[in-house]
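Hi everyone, thanks for making the time. I'd like to walk you through one model today, so please have a look at it first.

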Amino acid sequence: MSGEHSLRYEKRTERARDLVAALHLPHPLTAELLHRHMEGLRGKTIVIRPASTRLVESGVCGLWIEVAGENFERIHHATTDSAVHRQQFINHEFGHMILRHEKELLPIERVALLAPLIPLDAIAYALSRSSFTDDQEALAEAIGDRLALIMLEDEADAAKGPQTGFGRVL
């Protein structure tokens, strides 16, 4: 890793750590608790579903979308048999929400890729990704990574059971 690239990575990781710490997440953190916490932060329901085959074939592995007239947001993710991989797609979209990235009006060609998930005549605003080349995507991914690490650490701690002072002495 080049020195400049390494420094950018370290700063991005530190920023992600700070942003996630400011969320005051519940512990032990699970995918379900994170989902509910994000709904509380957003003030609306977040529906999470697999993306259509056409959307994934277009190169999109995650999509955060809002359709005019609906009182909820959606996250669509690429289909995978791996629960960890699926959660990473979702965590990345939560990263965009945490960063308050703005969604854009989708052109009709992109809306068509979402059919039949949403009507073709829907006015849809979305933030979608198909690569991690820019800083916005990299920071959202770093937040997704941080969320995943917390869930992994919390899962390991929960598996050990409650830690008492007495147990540490012996």
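A word on conventions before we start. This is a predicted model, so local features need pLDDT of at least 70 and side-chain atom pairs count only at pLDDT 80 or more, while totals for chains, interfaces and linings use all residues. Residues are numbered from 1 along each chain as its sequence is written, and side-chain values use heavy atoms, with hydrogens and water left out.

Let's begin with charges. Side chains of opposite charge can pair when their charged atoms come close. By salt bridge I mean a side-chain nitrogen of Lys or Arg within 4 Å of a carboxyl oxygen of Asp or Glu. How many salt bridges does a search of the whole structure find? The search gives six, and I'd like to show you three of them.

One joins Arg36 to Glu39, at 2.8 Å from N to O. Both sit in helix H2, residues 31-42, three residues apart, and so about one helical turn separates them.

Next, Glu73 and Arg42 form a salt bridge at 2.7 Å, N to O. This pair connects distant parts of the chain, with Glu73 in strand S3 (residues 72-77) and Arg42 in helix H2, 31 residues apart. Glu73 is buried, with a relative accessible area of 0%, and Arg42 is partly exposed at 27%.

Then comes Glu66 with Lys44, at 3.0 Å from N to O. Here too distant parts of the chain are linked: Glu66 belongs to strand S2 (residues 62-67), and Lys44 to the loop between H2 and strand S1 (45-50), 22 residues away. Both partners are partly exposed, Glu66 at 21% and Lys44 at 26%. Salt bridges with shared partners tie Arg42, Lys44, Glu66, Glu73 and Lys103 into one network.

Now, back to H2 itself. Its 12 residues reach 16 Å from the first C-alpha to the last, close to the expected 16 Å; that expectation is 1.5 Å times one less than the number of residues. Which residues of H2 are buried? They are Leu34, His35, Met38 and Glu39. These four cover an arc of only 140 degrees around the axis, so they lie on the same side of H2; the arc is taken over the directions from the helix axis to the C-beta atoms. On the face turned away from that buried side, H2 carries the exposed residues Glu32 and Gly40. The cover over the buried residues includes S1, helix H4 (83-98) and helix H6 (135-160), where contact means heavy atoms within 4.5 Å. After H2 comes Gly43, with a positive phi near 75 degrees.

Of its 16 residues, 12 are buried, so H4 is largely enclosed by the rest of the structure. Among the buried ones are Phe89, Ile90, His92 and Phe94.

H4 also brings us to the largest pocket. Seven of the lining residues come from H4, the largest share, and H4 and H6 each supply at least two. The lining has 17 residues, with Ala31, Val84, Gln87, Met151 and Glu155 nearest the centre.

Finally, some backbone geometry. The peptide bond from His27 to Pro28 is cis, with omega near 0 degrees, and Pro28 is in the loop between helix H1 (3-21) and H2. That loop also holds His24, a non-glycine residue with a positive phi near 50 degrees. His24 is exposed, at 65%. Arg100, in the loop between H4 and strand S4 (104-105), likewise has a positive phi, near 60 degrees, without being a glycine. Arg100 is exposed too, at 68%.

Methods:
Buried < 20%, exposed > 50% of the residue type's maximum accessible area, 1.4 Å probe, protein only. 1 Å grid on protein atoms, 1.4 Å probe; cavity = no way out; pocket = protein on both sides within 12 Å on 5 of 7 lines; lining within 4 Å.
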